[in-house]
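Try each one before reading its solution.

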Amino acid sequence: DISIKVIPQGFYNNSTLKLNMRDTVTAYLRNSFSPFMIIDSAKGVIDSITFEGTFVFSNASSGSYYIEVTHRNSIETWSSTAVNLNRGTPMSYDFTNAVTKAYGSNMILKGSESCIYSGDVNQDGIIDASDGSLVDNDAFNFNGGYIPTDVNNDGFVDASDAAYVDNNAFNFIGIVRP
């Protein structure tokens, strides 16, 4: 089991210092050498207060792996280095305590927390106008609920969601991999 702490940027509320809600994240263990093949994957629910989820990897043997995390409307993010997994020994990885914990420092500081970038609603690896268009269309149609275009997860799609996408698109945010 690996305990992973991760915060999607749009979910983090600077006023309450917690996430707007718990949500599911998928984590992958990847070889530490090119072509960085996926060895195992697991889903976990990130707690809204501790920012932590438990991921059970049943197929990976002890070794050195990159940790990749994905979230339904955030940029895929990799650990800054390969981490050592010892089967049977609990371990943890904290993406939230420094932007440098992500490969290429591909995170953003929000308040005092390091967060994975939000806004890749179509999951194509880059936050750009195509994501913005999806958010704009859903906002225009007053869509809401548990949908990827609700970037801050407040239950409806509006300008606050578009702001994350627009700002991150302006800064050319995309996946950074080894």
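**Exercise 1.** Work out whether Asp47 is buried, partly exposed or exposed, and find its salt-bridge partner.

*Solution.* Keep in mind that this is a predicted model. Start with the area: Asp47 has a relative accessible area of 22%. Buried means under 20% and exposed means over 50%, so Asp47 counts as partly exposed. Next, look for the partner: Asp47 makes a salt bridge to Arg22, with the closest N and O atoms 4.0 Å apart. Now place the two: Asp47 is in the loop between β5 and β6, Arg22 is in the loop between β3 and β4, and 25 residues separate them. Finally, check Arg22, which is partly exposed as well, at 46%.

**Exercise 2.** Find the salt-bridge partner of Asp23 and say which parts of the chain the pair ties together.

*Solution.* The partner is Arg72, and the closest N and O atoms are 2.8 Å apart. Asp23 sits in strand β4 while Arg72 belongs to the loop between β7 and β8, so the pair ties together parts 49 residues apart in sequence. Then check burial: Asp23 has a relative accessible area of 5%, which makes it buried, and Arg72 is buried at 17%. Now look across the strands: Asp23 stands opposite Ile46 in β5. Strands β4 and β5 pair in the antiparallel sense over eight bridges. They form a hairpin with six residues between them, and Phe36 in the turn has a positive phi of about 55°.

**Exercise 3.** Arg177 meets Glu76 in a salt bridge; which of the two residues is buried and which is partly exposed?

*Solution.* First the distance, which is 2.8 Å from N to O. Arg177 lies in the segment after α2 and Glu76 in the loop between β7 and β8, so this pair links parts 101 residues apart in sequence. Arg177 is partly exposed, at 47%, whereas Glu76 is buried, at 12%.

**Exercise 4.** Find out where the buried residues of α2 sit around the axis, and what they pack against.

*Solution.* List them: Asp161, Ala162, Tyr164, Val165 and Asn168. They cover an arc of only 155° around the axis, so they are on the same side of α2. The face turned away from that buried side carries the exposed residues Ala159 and Phe170. As for packing, the buried residues of α2 go against β11 and α1.

**Exercise 5.** Decide whether Ser114 is buried or exposed, and find what its side chain reaches.

*Solution.* Ser114, in strand β12, is buried, with a relative accessible area of 2%. Its side chain reaches the backbone nitrogen of Val99 at 3.0 Å.

Conventions. Residues are numbered from 1 along each chain as its sequence is written. This is a predicted model: local features need pLDDT of at least 70, side-chain atom pairs count only at pLDDT 80 or more; totals for chains, interfaces and linings use all residues. Side-chain values use heavy atoms; hydrogens and water are left out. Helices (H or I, at least four residues) and strands (E, at least two) are DSSP runs, numbered from the N terminus. Buried means under 20% relative accessible area, exposed over 50%, partly exposed in between (1.4 Å probe, protein chains only). A polar contact is a pair of N or O atoms within 3.5 Å; within protein, one must be able to donate a hydrogen and the other to accept it, and residues adjacent in sequence count only if both atoms are side-chain atoms. The arc is that of the directions from the helix axis to the C-beta atoms. Contact means heavy atoms within 4.5 Å. Two strands pair if DSSP finds at least two bridges between them. A salt bridge is a side-chain nitrogen of Lys or Arg within 4 Å of a carboxyl oxygen of Asp or Glu.
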